[in-house]
Amino acid sequence: MAKFSRRLQRGSVSPWAIAITCALALATAMGIGRFAFTPLLPMMLADGVVDLPGASWLASANYLGYLVGALLCTFQPLIWSRVKTWPPVLSTTWLRGGLVATCVLTLGMALHVPALWPWLRFAAGVASAFVFVFTSAWCLARLAERNASNLGGLMFTGPGAGIAISGVLASGMVALQWKAAAGWLIFGVVACVLTAITWRTFGNSSGMKLTMAAAIKSESSMPTVRVPTFLASRWQMFWLAIAYGLDGLGYIITATFLPVIARQVMPGSAWLDLFWPLFGLAVIAGALLSIRISLKVDLRYVLAASYLMQAIGVILTVWLPTPLGFALGSLLLGLPFTAITFFAMQEVRRLKPNSVASYTGLLTAVYGLGQVAGPPLAAWLLSRSATVGQGFNVALEIAASSLVLGAVMFLGLARVYPKSVAVR
């Protein structure tokens with residue numbers, strides 16, 4: 001890895017190697033730091049250390065932490081300017097710190113201290129946001145230096161890989177009848193291994209920081225567009241943020257409770273623990289497909305199609321409560337999972353090319369609000385339903401409806417505000 005780091009600083013490392021390294025970082029922070037909770041939740045319920053309402057609040061604590069972390073990343077220049085110690089732009093110190101925190105906080109969940117768990121999940125959400133934001137920026141800058149910006153979507157295979165690995169490991173633990181605490185310990189060790197692999201690559205030397213010149217080059221790699229007027233772009237950004245937030249609400253209930261829902265619908269099925277790894281594999285496939293889509297097309301149509309795909313995936317688990325229905329649902333939910341984020345960020349660049357960071361923070365915040373609202377909504381519906389299955393069905397129907405509404409918003413934006421692309 002030391003040799004790899006030196007080659008990176010000289011610019012001789014291939015774009016594919018850079019993208020894969022960043023994918024490993026996202027696998028750690030997102031696949032484990034955020035979503036390891038999902039495959040371990042059935043084990044925690046079986047151990048009696050948490051109930052469904054408590055699990056909903058643990059999930060929301062993590063999503064709230066992600067929201068706070070994203071906002072801190074957005075407002076860092078303002079925060080640090082107040083204490084006169086603002087570091088170089090997008091220092092990888094934050095990235096490495098987020099990876100270390102993910103390892104420690106994941107291992108901490110193995111301790112049987114339930115009162116501490118909400119705080120650990122909250123802090124893990126903050127850490128995952130830092131890793132996501134700074135890894136994305138670092139990767140795009142390094143790829144832009146090598147004229148390979150189109151590979152940016154490759155790093156988004158990381159969350160899917162982390163989800164798939166955590167799902168497979170959890171499935172084995174269930175078969176062996178291990179306790180959830182052992183699962184958290186193993187996931188913490190996996191996070192440590194992945195962090196060690198990427199550590200030197202993200203070394204905090206002068207060649208490893210995103211300079212302003214690199215950031216500008218990254219922006220210049222996008223196709224030239226006719227920027228909307230201030231008023232038009234403001235309204236488009238408003239509706240883009242609302243639509244993006246609806247995706248946060250639309251996917252999060254399934255992404256939090258998929259293994260639990262499957263157990264309610266198909267108790268005793270041999271397929272119960274395979275739907276979550278399948279979701280992760282679909283995320284990987286979707287990220288790979290996203291790099292094949294030209295950024296010159298109107299991405300609002302692509303986003304609308306992605307939302308409808310996820311809506312079908314969510315509702316299939318209600319309308320077709322069989323192994324086939326859950327398998328198709330997992331695939332359709334996972335394929336556009338990270339692609340939606342990738343395409344939404346390109347829309348921000350198109351509408352607000354001079355304020356990308358601020359408006360990316362706005363979208364992330366609204367998305368985070370949708371995520372935070374999902375698990376408590378499910379818990380509230382569960383408490384007012386005759387059975388757990390009925391409660392989840394209503395929650396999933398609401399989630400699917402929010403995704404359909406988001407798709408309609410994107411189609412409306414494309415019709416009211418046609419996109420004009422100028423050729424360089």
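**Figure 1. The crossing of helices α2 and α9 is left-handed.** Left-handed means that the near helix is turned anticlockwise from the far one by less than a right angle. Helices are DSSP runs of H or I with at least four residues, numbered from the N terminus. The model is predicted; local features need pLDDT of at least 70, side-chain atom pairs count only at pLDDT 80 or more, and totals for chains, interfaces and linings use all residues. Residues are numbered from 1 along each chain as its sequence is written, and side-chain values use heavy atoms, without hydrogens and water. Helix α2 covers residues 15–32 and helix α9 residues 180–199; their axes lie 9 Å apart, at an angle of about 155°. Axes are lines fitted to C-alpha atoms over the stretch in contact, with angles from 0 to 180 degrees between N-to-C directions. The two helices are therefore roughly antiparallel, the term for angles over 145 degrees.

**Figure 2. Residues of α2 meet residues of α9.** On α2 the contact includes T21, L24 and I32, and on α9 it includes F187, V190 and L194. Contact means heavy atoms within 4.5 Å. The residues of this contact divide into 9 nonpolar, 4 polar and no charged. Ala, Val, Leu, Ile, Met, Phe, Trp, Tyr, Cys and Pro count as nonpolar, Asp, Glu, Lys and Arg as charged, and the others, Gly among them, as polar.

**Figure 3. Helix α6 passes helix α7 in a left-handed crossing.** The axes of α6 (residues 92–108) and α7 (residues 117–145) come within 8 Å and cross at roughly 150°, so the pair is roughly antiparallel. Among the residues that meet are W94, L99 and L105 in α6, and F130, F134 and W138 in α7. The contact of α6 with α7 is made up of 13 nonpolar, 5 polar and no charged residues.

**Figure 4. S166 lies in helix α8 (residues 157–175).** The residue is buried, with a relative accessible area of 1%; buried means under 20% and exposed over 50%, with a 1.4 Å probe and protein chains only. Leaving aside neighbours within four places in sequence, S166 is in contact with G31, P39, F187 and W276.

**Figure 5. Q177 lies in the loop between α8 and α9.** Q177 is exposed, with a relative accessible area of 71%. Its phi is near 60°, a positive value in a residue other than glycine. Most residues other than glycine have a negative phi.

**Figure 6. Helix α15 (residues 337–351) is largely enclosed by the rest of the structure, as 15 of its 15 residues are buried.** The end C-alpha atoms of α15 are 22 Å apart, which agrees with the 21 Å that its 15 residues should span at 1.5 Å a residue. The expected span is 1.5 Å times one less than the number of residues.

Definitions and conventions
Angles under 35 degrees count as roughly parallel, over 145 as roughly antiparallel, 65 to 115 as roughly perpendicular and the rest as oblique.
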